[in-house]
Amino acid sequence: MPHPIADRLPIIDLHCDLLVYLTDVPGASPGKVEEIGCAIPALTQGNVKLQVMALYTPTEFGSTRHAGLQRDMFRRLAQTEADCLLPVTSAEALHRAFQAGNSIGMVAAIENASGFCEEAEPLEEGFRRLEQIIADCGRVLYISFTHHTANRFGGGNMTTRGITRDGRMLLDYLHGRRIAVDLSHTSDALACDILHHIDTERLDIRLIASHSNFRSVWAHNRNLPDELVQEIIRRRGLIGMNFLRAFLHTDDPDALLHHILYGFNQGAQDVLCFGADYFYTADHPDPARFPFYHKAYEQAGGSYKYILDRLEGLLSKELLEKLAFRNASRFIGELWA
């Protein structure tokens with residue numbers, strides 16, 4: 001009897017917070033599957049062939065130092081053979097990661113531009129620091145302007161603020177740099193302003209939502225409204241499905257499947273992928289968030305296979321492959337060409 005397709009598909013995932021766990025949590029280890037869903041043994045078991053590693057910081061004094069520690073951790077992981085992690089900085093390197101047995105490709109991303117630019121320093125200093133992050137990590141796949149709150153670049157998803165002068169200057173700086181802009185943590189106003197500035201100035205910048213779901217399925221301001229979904233589809237971007245219970249449906253364990261099917265029904269067959277958003281949750285201050293994941297999605301080792309198994313029979317083999325890895329691989333190849 002043939003094995004289910006989920007047993008054979010490689011996975012690309014657009015977002016995890018392994019770096020901040022390793023830099024912030026005492027006694028942290030990349031092998032502790034009991035502490036974080038994207039521990040390396042779980043990624044290996046889940047057949048993840050490319051994992052995007054976010055450098056995450058809140059907007060606060062010292063944010064750049066915090067991101068710097070994660071940058072250094074990325075380099076350390078890349079240089080530690082025992083961790084089986086391969087830096088991916090080109091389409092050719094991505095192909096090698098897919099062929100490399102139990103190895104996992106990794107590439108850096110920046111979740112909140114406060115990680116390279118403090119609120120009160122010259123913007124040019126922030127750009128200089130961004131260049132250093134790119135050089136040290138080999139490449140940055142995408143940048144999120146904000147996190148939940150506002151910063152010097154614009155409004156986060158818990159605000160209604162739009163883009164600022166510095167935000168427009170950051171977009172101008174990214175023109176032609178082969179770094180995508182991530183809309184997952186923007187306010188709706190900031191997302192619309194980003195689109196407007198890119199179009200008005202005819203900037204060469206690709207757009208994604210690295211770890212976001214659909215607001216029409218679950219009304220949360222971290223999820224994408226339909227108009228932004230259609231813009232990402234039109235611009236051949238990516239939408240990475242987020243596994244967090246708060247952004248799916250707090251009570252329905254099948255909600256992630258509903259989000260995926262909704263996306264395909266909206267015409268997103270060429271942009272849907274995974275952005276699981278695994279992070280260390282034990283020290284989170286809000287008890288209402290626990291459990292952070294529905295049981296089937298707690299660990300990368302089983303979550304992707306579970307999703308693909310459940311969707312087999314509902315979606316064609318081609319669509320399952322697009323969700324698992326082909327859409328993300330196509331986008332990365334185009335972005336880095």
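Arg 128 and Glu 125 sit three residues apart in helix H5 (residues 123-137), about one turn of the helix, and they form a salt bridge whose closest N and O atoms are 2.8 Å apart. A salt bridge here is a side-chain nitrogen of Lys or Arg within 4 Å of a carboxyl oxygen of Asp or Glu, and by this rule the count comes to 23. Please keep in mind that this is a predicted model, in which local features need pLDDT of at least 70, side-chain atom pairs count only at pLDDT 80 or more, and totals for chains, interfaces and linings use all residues. Residues are numbered from 1 along each chain as its sequence is written, and side-chain values use heavy atoms, with hydrogens and water left out.

Helices (H or I, at least four residues) and strands (E, at least two) are DSSP runs, numbered from the N terminus. Buried means under 20% relative accessible area, exposed means over 50%, and partly exposed is in between, with a 1.4 Å probe and protein chains only.

**Salt bridges**

- Arg 165 forms a salt bridge with Asp 166, the closest N and O atoms being 3.7 Å apart.
- Arg 165 counts as exposed at 57% relative accessibility, whereas Asp 166 counts as buried at 13%.
- A further salt bridge brings together the side chains of Glu 334 and Arg 206, at 3.2 Å from N to O.
- Glu 334 belongs to helix H12 (residues 317-336) and Arg 206 to the loop between helix H7 (188-201) and strand E7 (207-209), so this pair ties together parts that are 128 residues apart in sequence.
- Glu 334 is partly exposed, with a relative accessible area of 28%, while Arg 206 is buried, with 17%.
- Salt bridges that share partners also join Arg 71, Asp 72, Arg 75 and Asp 136 into one network.

**Backbone features to look at**

- As background, most residues other than glycine have a negative phi, and most peptide bonds are trans.
- The peptide bond from Phe 290 to Pro 291 is cis, with omega near -10°.
- Pro 291 is found in the loop between strand E9 (272-274) and helix H11 (300-311).
- That loop between E9 and H11 also holds Asp 277, a residue other than glycine whose phi is positive, near 70°.
- Asp 277 is buried, with a relative accessible area of 6%.
- Asn 47, which is not a glycine, has a positive phi of about 60°.
- You will find Asn 47 in the loop between helix H2 (40-45) and strand E2 (48-56), where Asn 47 is partly exposed at 27% relative accessible area.

- Leu 311 is placed in helix H11 and counts as buried, at 0% relative accessibility.
- Leaving aside neighbours within four places in sequence, Leu 311 is in contact (heavy atoms within 4.5 Å) with Leu 257, Ile 260, Leu 261, Leu 320 and Leu 323.
- Leu 311 and Leu 261 are 50 residues apart in sequence, and their C-alpha atoms are 8.8 Å apart in space.

**Pockets**

- On a 1 Å grid over the protein atoms alone, a pocket is an open set of points where a 1.4 Å probe fits, with protein on both sides within 12 Å along at least five of seven lines, and lining residues have an atom within 4 Å of a point.
- Grid points are joined across faces, edges and corners, and a volume is the space filled by probe spheres set on the points.
- The largest pocket holds about 690 Å³ of space.
- Of the 31 residues that line the largest pocket, Tyr 56, His 147, Phe 279, Tyr 280 and His 284 are the closest to its centre.
- Helix H1 (18-24) and helix H9 (245-248) each supply at least two residues of this lining, and H1 gives the most, with three residues.
- The lining of the largest pocket has twelve nonpolar, twelve polar and seven charged residues; Ala, Val, Leu, Ile, Met, Phe, Trp, Tyr, Cys and Pro count as nonpolar, Asp, Glu, Lys and Arg as charged, and the others, Gly among them, as polar.
- The second largest pocket has a volume of about 220 Å³.
- Of the 15 residues that line the second largest pocket, the closest to its centre are Glu 34, Glu 35, Thr 281, Tyr 293 and Glu 298.
- By class, the second largest pocket is lined by nine nonpolar, three polar and three charged residues.
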